[in-house]
Amino acid sequence: MTAATLHGRAEALASTLPPLLVEAERVAAVVAQGVHGRRRVGTGESFWQFRRYEPGDPVQRIDWRQTAKRDQPFLRQLEWEAAQTVYLWRATDGGFRWRSTKSAPTKADRAGLLLLALASLLNSAGERVALLDGNSPPGLGRADLSRLAMDLQRTEAGDDSPAAALPPNRAVQAHSAMVLFSDWLAPLPAIEAALAAFQSKVEHGHLVQILDPAEVDLPYAGRIRFSGFHNESALTLARVDTIRQAYQERIAAQQEGLRALARAAGWQLHIHRTDQAPERALLSVFQALAGAGAV
Amino acid sequence: MLTLGPISFLQPWLLLGLAALPVLYWLIRATPPSPRNVRFPALRLLRDLQPQEETPARTPWWLLLLRLVLVGLIIIACASPVVNPAAGLPGSGPVLLLVDNGWSAGRDWPARQALLSRTIDAAERANRPLLAAATAADGPGPPPTVSGLMRPADARGWADQLAPRPWPGDRAALLAAITEMADLSGLETHWLSDGLDDPAAADLAQTLQRLGRLTVYLPEAGDVPLVLDTPQTEGADLVFSVRRPTEAVEDAGVVRLAGEDGGILARQPFTIAAESAGTDVRLSLPAEARNRVALATIEDLEGAGSVVLVDERWRRRPVAIVGAAPTDSSQPLLSETYYLDRALAPFAEVWYGGLDDLLERGPAVIIQPDSGQVTPDEGDRLDAFLAEGGVVLRFAGPLFAANPDALVPVPLRAGDRTLTGALSWTTPQPLAPFPPESPLAGLALPDDVLIERQVLAQPGPLVNARTWARLADGTPLVTAERRQTADGTDAGWLVLVHTTAGADWSNLPLSGLFVDMLRRIVALSAGVADTTDAVALRPLSTLDGFGRLGEAGAAAMPIAAGTFADTLASPTHPPGFYEAGETRRALNLSPAIGPLEPLALPPRVATEGYAIDAELDLLPLLLAAAMALAIIDLLASLALRGLLVVGAKRGATALLVALLLIPVLGDSSPAQAQGQSLSPENLALLAANGTYLAYVVTGDPEVDAISQAGLDGLSRVLTQRTAVEPEGALGVDPEYDELAFFSLLYWPITQDQPTPSADAFARLNDYLLQGGTILFDTRDAGIGRINEADLRRLTAGLDIPPLSPIAPDHVLTRAFYLLQTFPGRYADEALWVMDADETINDGVSPVIIGANDWAAAWAMDAVGNPQYTAVPGGEWQREMAFRFGVNLVMYVLTGNYKADQVHVPAILERLGQ
């Protein structure tokens, strides 16, 4: 899938949701301005209200046209507009690029789609979006969204080592939000270590676990030789159908551990299967980011 | 060699390999199939999970069976099984292969070759040496003889080189050779005979029987050689006789006449009845076509005996006119030779000159116009010419009447008789119908031919028998006398026409009857081509044993001119064309072939037919089956390992497509598959879905085939040249088929076509009323208007408007091409169309009537070669015939659209202002 078509599909997906407004409760003044009105007086471009002049106000703020209409001088006040920074990331390791049948998308493809759709929503809401492992600083506007899509395309062809299954340790802006897409099948301690780096900076964190249905159900039967993606030794099992139950318990344990880990860090876990509609996962992350249930 | 029923194994000890199958069974069974390979990201979670039980994985039983069958097939194949193995050749002496490879072997030569190779194989297996002998000599060298002892490989080489020869075999020479050979005891002979008897055959068989076993192979019933004899000319017809040894079964074939360029001029099927030794085949074709015949063959029958080469003796009719050639004088119509020249030129070569010069050149017919007295000296020479078989045709006239001479068929009265004039009570006389025994019988008599003056025959006993044509009052107009050679056999004709060759005494020379009469009379003559000045005729092209004409080989010898007529085809002089200067003569094989009798063999001789159950080697079949099983095994293994999932759907689709394609490929195109067998519904469906040209099915299969081929050919030309792209031709029967789909109906007239019922007439009238057009083709312009009565009969119930000969500015003359003639196979002028009436059906004539056999001119075979010659114009005439066809279809499709062009000058003039 080229960057353009992926971008197009993501836009189509994102268009089904209203622009995402990220709740920003404690945004410091140092946060750069955005088009996102905060419904209070501040620096911005949109008109907010006229207010009577009070002593101490700078004379330059007096709106002379209003003042001429009335008895007293009036000030023109603008709406305070500011933007949140959201970091996005998806895994690119070999296992994440796998699919069990030709008819389903790979996990990486689905993650890319969700990521771009989310970026598009955030973008139209005026938030600043950046790839965690990208080279560009957080940006704004359609051009930036296109650049993000191309960055995503580049990483898709990039690293597929086991390390790519966990987010890289990059410096991020304080009070930012973060959405991380992976299958989160790595050992739990490794995941905990990787997430620890962002604990202090990230306001809202979201883990999205994307799994292939075959990874959940283990639909195989008979004599199977399983091989991994990272030079692991292959595993030949007779009568795979007899261990299905045990395997499903292990997957459930992994997800439970992951959820506990996220809760401890103040993050949220979203689970998505590639045979489900992508809108469902997008809505879930959207609602979480919009603050419906978060924080 | 191990034999089990019809199957023999050439390497039976390899079958021991079958004993290894149980071992193989145990080995394959013990080895489990490979596990499916699956890549799986969550491998970490699977580790150290133990399946509850591990049953040993086994190859499924059906796969096991498949593999065992596969290996078994390969082992059996290695043992070289053959079905119907050649019968062994018990005994130890040499084997003699005796082959009749004369002209008679061409008909089923491949069967002889197969039998030879089979016999050699059998001898090889029995380790017996071979001797070989062929009855026909290879060329003008030594007579046929027996070869020395050969190994089977050498014998195979000999058999490969052996070919049928275009001359008779020489069994007598071979018998002599065998008699001379010493120590031939224990000889086993296989005689591949042609089933024909000759004087030496019985002796040869007896001699061989004395030496050892003799097996004679005879052709199957219906496969005996046929001989096509040189033709006899009877009037305008060529009569061939086909001979064979008497047989209990019927045989059939087609005699085909071809021209110099190989183009087919005529075909005539024949059937030889059971228990009969031959039949006559009569081919009648226009004189122009007959003059071009170079080769007569029995179709699809290989062998030199079924080919007759036709030379000038049967073809060219040099006609000599005593007198000066008509010059470009200012008054050509006053010259007698002018009328003769115009009448003869289309079908004969015309010479002029003095009698002496002409006799030296050897004409077939000498015409003496009114020229006064024939001197006694000239009379003697003409008598000699008549005795050689020439035809002398004399015309009366004023000079002839005044100077009677002796060279006349019947005694004449002096002077002439004038039937008209101021002092005469009689009126000019028309002709009476020709007497049935006259060669002129059957020619159509025009009403307007009137004879004004004639010379009268002296009444006598001979006059009646010698009269070929009379006037209405009974006086002879044409008399003829058959002359005889010195030994009393029939020779040439002396013919006298009792009036002039010019228009002085009658208007007969102005009529078409004059041309037809001359044609009949010239056809009576036997060509007398002479080669007095040439010493020898050298071979130009010769036949091979299969009856194919090719370059003359170096071994063919020239023939002395004087002895050519007596020369028989032989190794020295193979049949073929021989030439000397301008003269070309054909040496035919058939005179060298005596009476054909079935081969008479002494008692107790084993006979067999050539049809043999071919030895079938099973090795390739078995290996192919094993290969197929191996592929199935591969697919099954892949499926078991889960590697076939992706391809399965696609593979199934491909298989389905292949299965669906098979019937499609087997089906031929609908246009060809259709014939007279379409039901009316199917015909309607077919015709409604495309433009079809239609013809009326006459019930005569030959005529219907010509119509179909002709309209198909026209469709092809239309598609190539115009925007009309017909799908093809359909045969319809007005009795029950719906005609509304067709704009043009081609109706060939035949004599035994049933008259349409009242229903059919109503249907046809409706068709004509609604804008359909019928082209009636009586197909008899070249053969004397014999179908006119049938045309009248078949159209009696049709509402045909008044017709007139086509006008020079009729739309049909310029609907696509600019044409003024409308030839088909024949080039007759007359084409009748409706009087112009623009108000009805767009001015399109509902009925067009002609006689030119258009379908035959349009007919093409599958590859686009024309099937019938167009006469007299050849290919150019065919092109014009196609142009007429194109114009006709354009005319019926577009109506008077092109008629608007008459206003073009006016429109252009107006635009100019």
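Let me start with an open sheet in chain B, made of four strands in the order β13-β12-β15-β16, with antiparallel pairing. What you have on screen is a predicted model, so please keep that in mind throughout. Which strands lie at the edges of this sheet? They are β13, residues 264–272, and β16, residues 307–309, both of chain B, and each of them pairs on one side only. From one strand to the next, the twist averages 15°.

Inside that sheet, take strand β12 of chain B, residues 251–259, and strand β15 of chain B, residues 293–298. These two run antiparallel and are joined by five bridges. For one example of a partner, Ala258(B) is bridged to Leu295(B) in β15(B).

Gln268(B) is found in strand β13 of chain B. Is Gln268(B) buried, exposed or partly exposed? There are 16 other C-beta atoms within 10 Å, so Gln268(B) is partly exposed; a buried residue would need 20 or more. Leaving out residues up to four places away in sequence, Gln268(B) touches Val254(B), Val255(B), Val281(B) and Leu283(B). Gln268(B) also lies 8.5 Å from Gly253(B), C-alpha to C-alpha, with the two 15 residues apart in sequence.

Strand β20 of chain B, residues 391–395, pairs with β25(B) in the parallel sense over five bridges. In that pairing, Val391(B) stands opposite Trp493(B) of β25(B). Strand β24 of chain B, residues 476–484, runs antiparallel to β25(B), and six bridges join the two. Here Val478(B) stands opposite Val497(B) in β25(B). β24(B) and β25(B) form a hairpin with five residues between the strands, and in that hairpin Gly488(B) takes a positive phi near 90°.

On to a pair of helices. Helix α4 of chain B, residues 109–125, packs against helix α5 of chain B, residues 152–161, at an angle of about 175°, and their axes are 10 Å apart. α4(B) and α5(B) are therefore roughly antiparallel to each other; the cut-off for that word is an angle over 145 degrees. On the α4(B) side, the residues that meet the other helix are Gln113(B), Leu116(B), Ser117(B), Ile120(B), Ala123(B) and Glu124(B). On the α5(B) side, they are Pro152(B), Ala155(B), Arg156(B) and Ala159(B). By class, the residues of this contact divide into six nonpolar, two polar and two charged.

What about the cores? The largest nonpolar core has 143 residues, and the members touching the most other members are Leu228(B), Ala694(B), Leu744(B) and Tyr746(B). Helix α22 of chain B, residues 874–894, gives the most to this core, with ten residues. Looking at Leu744(B), and again not counting residues up to four places away in sequence, the contacts are Leu693(B), Ala694(B), Thr773(B), Leu775(B), Leu888(B), Val889(B) and Val892(B). There is also a second, separate core of 65 residues, which includes Leu122(A), Val179(A), Ile210(A) and Val240(A).

That brings me to where the chains meet. How many residues of each chain take part in the contact? It is 28 residues of chain A with 20 residues of chain B. On the chain A side, β8 (224–227), β9 (235–237) and α7 (244–265) each supply at least two residues. α7(A) gives the most, with five residues. By class, this side of chain A has 13 nonpolar, seven polar and eight charged residues. Phe226(A) stands opposite Val38(B) in β3(B).

Chain A comes to eight helices and ten strands, and 38% of its 295 residues are buried. Chain B has 23 helices and 39 strands, and 39% of its 913 residues count as buried. Among contacts in chain A between residues at least 6 apart in sequence, 76% join residues at least 24 apart. For chain B, counted in that way, the figure is 76%.

Methods
Residues numbered from 1 in each chain as written. Chains lettered and ligands numbered in written order. Predicted model: local features only at pLDDT ≥ 70, side-chain atom pairs only at ≥ 80, totals over all residues. Axes fitted to C-alpha atoms, helices over the stretch in contact; angles between N-to-C directions. Parallel < 35°, antiparallel > 145°, perpendicular 65-115°, else oblique. Contact = placed C-beta atoms within 7 Å. Nonpolar A, V, L, I, M, F, W, Y, C, P; charged D, E, K, R; others polar. Pairing = 2+ DSSP bridges. Core = buried A, V, L, I, M, F, W, Y, C linked by C-beta atoms within 7 Å. Buried ≥ 20, exposed ≤ 12 C-beta atoms within 10 Å, placed from the backbone.
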